[in-house]
Amino acid sequence: MYQEITLCPNLTVAENMFIGRERGPFVRQKDYKKRAAELLGELGIPARGTQQLGDCSLAVQQMVAIARAVDMKCRVLVLDEPTSSLDDKEVNVLFNLMRDLKSRGVGIIFVTHFLEQVYAVCDRITVLRNGELVGEYLTEELPQVKLVAKMIGKDLEELKSLGEVEEKKSDIKEIFYEAKDLSSSEARPFDFNIHKGEVNGFTGLLGSGRSESVRAVFGADKVTGGTVKVNGKNVRITKPIDAMKNGIGYLAEDRKRDGIIADLSVRENIILAAQVMKGFFRPISRSEAEAFADEYIKVLNIKTASRETPVGSLSGGNQQKVILARWLLTHPNYLILDEPTRGIDVGTKLEIQKLVLKLAEDGVAVTFISSEIEEMLRTCSRLIVMRDRNIVGELTGADLNEAQIMKTIAGGEAANEKEV
């Protein structure tokens with residue numbers, strides 16, 4: 001079963017269960033409806049065969065896809081992230097169905113980033129990292145803290161010897177942004193604040209909700225609830241332009257999809273956000289745009305043949321610098337950087353990290369997200385730890401080390417000497 005539901009929402013449940021399996025020129029709808037009703041009842045799926053699939057919840061659609069596989073007499077069922085779009089109640093319904101299939105002798109491969117769900121339904125755990133097999137373990141013999149260690153690629157013995165990270169200090173204590181119960185179509189309700197001149201970060205395993213949370217802050221996903229204050233005043237941020245007008249910039253996780261416009265020049269990409277804020281009926285003049293582009297090409301050491309070079313022809317690191325230049329040109333008070341160093345060379349990574357710290361010295365609030373924990377520790381003075389789309393901890397000072405991050409992600413389990 002694919003990660004994205006591949007059924008047809010405009011067809012009925014029964015039609016989806018048997019589509020592509022008709023025999024002969026005539027389809028016996030009566031037989032299919034009868035078999036669908038039997039199978040839905042047998043598996044405890046709360047749907048009718050005559051019901052249009054699009055009217056069902058995502059959880060029911062997932063279970064219809066499973067019912068289709070079961071009726072095809074599958075012996076092994078592969079579920080790729082089946083719970084990614086489900087709430088807790090729907091997850092429990094799906095798990096009950098999985099346990100029922102297991103009792104019938106069906107082998108199930110459950111692909112997920114949600115650690116607690118792994119321990120809820122799995123007998124064995126196979127850990128993969130960077131496309132390679134790390135190992136296979138009995139669930140009962142692999143504590144969560146050890147699982148996290150294997151997923152990240154650090155041994156607990158090694159982590160214990162890293163020592164404490166020196167606390168990064170800031171003389172600027174005023175809160176710039178504060179959210180209460182903020183939620184979106186992709187993020188569960190959470191509280192969050194950041195001070196002027198602070199670099200904080202959201203950390204957690206892939207799928208933990210890091211990117212979804214900052215997208216809610218920027219209004220990149222549909223905001224569904226919560227209150228927000230900027231500089232102590234209540235504001236309403238439901239879309240990116242609202243965030244931009246309140247001094248917030250956002251470098252997205254996927255630069256190719258949400259960042260660069262590959263066919264436009266370096267100059268055009270750099271001025272894009274500033275032009276949006278100014279309004280398209282007040283265009284930035286060609287001479288101004290060229291001056292801005294030349295300035296930031298020099299400041300950020302962007303390697304390009306000229307300001308008119310299509311940004312899509314630049315290296316990944318230089319594309320990232322162009323997007324950074326775009327936001328720096330708006331003079332933000334708060335800059336969100338989601339995976340700004342992914343897929344770029346070590347030298348450019350260090351340049352971006354130095355830039356982040358320099359922005360903080362100048363009073364800019366920065367949220368920095370990276371899959372590399374060492375990079376987060378070098379850059380951030382406070383880390384928000386996430387698991388299963390919930391904030392599960394906040395680390396500062398002496399707690400800013402890899403061992404403590406792993407323990408928090410794993411649910412606070414202590415790595416005692418026996419486990420090590």
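Predicted model: local features only at pLDDT ≥ 70, side-chain atom pairs only at ≥ 80, totals over all residues.
## The protein as a whole

The chain has 420 residues, and 47% of them count as buried.

## The largest pocket

Let us begin with open space. The largest pocket holds about 1,400 Å³. Its lining is made up of 41 residues, and the ones nearest its centre are Thr-112, Thr-126, Val-127, Leu-128 and Met-151. By class, 21 of the lining residues are nonpolar, nine are polar and 11 are charged.

Which elements build this lining? Helices H4 (88-103), H5 (115-121), H6 (144-152) and H16 (373-379), together with strands E2 (107-111) and E3 (124-129), each give at least two residues. Strand E3 supplies the largest share, with six residues.

## An enclosed cavity

Rolling a probe the size of a water molecule over the atoms shows where empty space is left. A search of the whole structure turns up one cavity of 30 Å³ or more. The volume of the largest cavity is about 50 Å³.

Several stretches of the chain can be found around this cavity. Its lining includes His-113, Phe-114 and Leu-115, and also Leu-205, Leu-206, Gly-207 and Ser-208. Arg-387, Asp-388 and Ile-409 belong to the lining as well. By class, the cavity lining has five nonpolar, three polar and two charged residues.

Which residues of H4 are buried? They are Glu-90, Val-91, Leu-94, Phe-95, Leu-97, Met-98 and Leu-101. These residues cover an arc of only 160 degrees around the axis, so they sit on the same side of H4. On the other side of the helix, Asp-88, Lys-89 and Ser-103 are exposed. Just after H4 comes Gly-105, with a positive phi of about 95 degrees.

## Helix H13 and what covers it

Helix H13 runs over residues 286-299, which makes 14 residues. From first C-alpha to last it reaches 20 Å, close to the 20 Å expected at 1.5 Å a residue. Its buried residues are Ala-289, Ala-293, Tyr-296 and Ile-297. Seen down the axis of H13, the buried residues fall within an arc of 105 degrees, so they line one face of the helix.

What covers those buried residues? The cover includes helix H11 (266-270) and helix H14 (316-328). On the other side of H13, Ser-287, Lys-298 and Val-299 are exposed.

The loop between H13 and H14 contains Asn-301. This residue has a phi near 55 degrees, a positive value in a residue other than glycine. Asn-301 counts as partly exposed because its relative accessibility is 39%, between the cut-offs of 20% and 50%.

Thr-309 is found in the loop between H13 and H14 too. Is Thr-309 buried or exposed? Its relative accessibility is 14%, so Thr-309 counts as buried. Leaving aside residues up to four places away in sequence, Thr-309 touches Leu-264, Ser-265, Val-266, Thr-304 and Leu-314. Thr-309 and Arg-267 are 42 residues apart in sequence, while their C-alpha atoms are 8.2 Å apart in space.

## Two more residues to look up

Glu-339 lies in the loop between strand E11 (334-338) and H15. Although Glu-339 is not a glycine, its phi is positive, at about 55 degrees. With 3% relative accessibility, Glu-339 counts as buried.

Lys-354 has its place in helix H15 (residues 346-361). Its relative accessibility is 60%, so Lys-354 counts as exposed. Lys-354 and Arg-378 are separated by 24 residues in sequence and by 10.0 Å in space, C-alpha to C-alpha.

Key. Residues numbered from 1 in each chain as written. Heavy atoms only, no water. Helix = DSSP H or I, 4+ residues; strand = E, 2+ residues; numbered from the N terminus. Expected span 1.5 Å × (residues − 1). Buried < 20%, exposed > 50% of the residue type's maximum accessible area, 1.4 Å probe, protein only. Arc of directions from axis to C-beta. Contact = heavy atoms within 4.5 Å. 1 Å grid on protein atoms, 1.4 Å probe; cavity = no way out; pocket = protein on both sides within 12 Å on 5 of 7 lines; lining within 4 Å. Points joined across faces, edges and corners; volume = space filled by probe spheres on them. Nonpolar A, V, L, I, M, F, W, Y, C, P; charged D, E, K, R; others polar.
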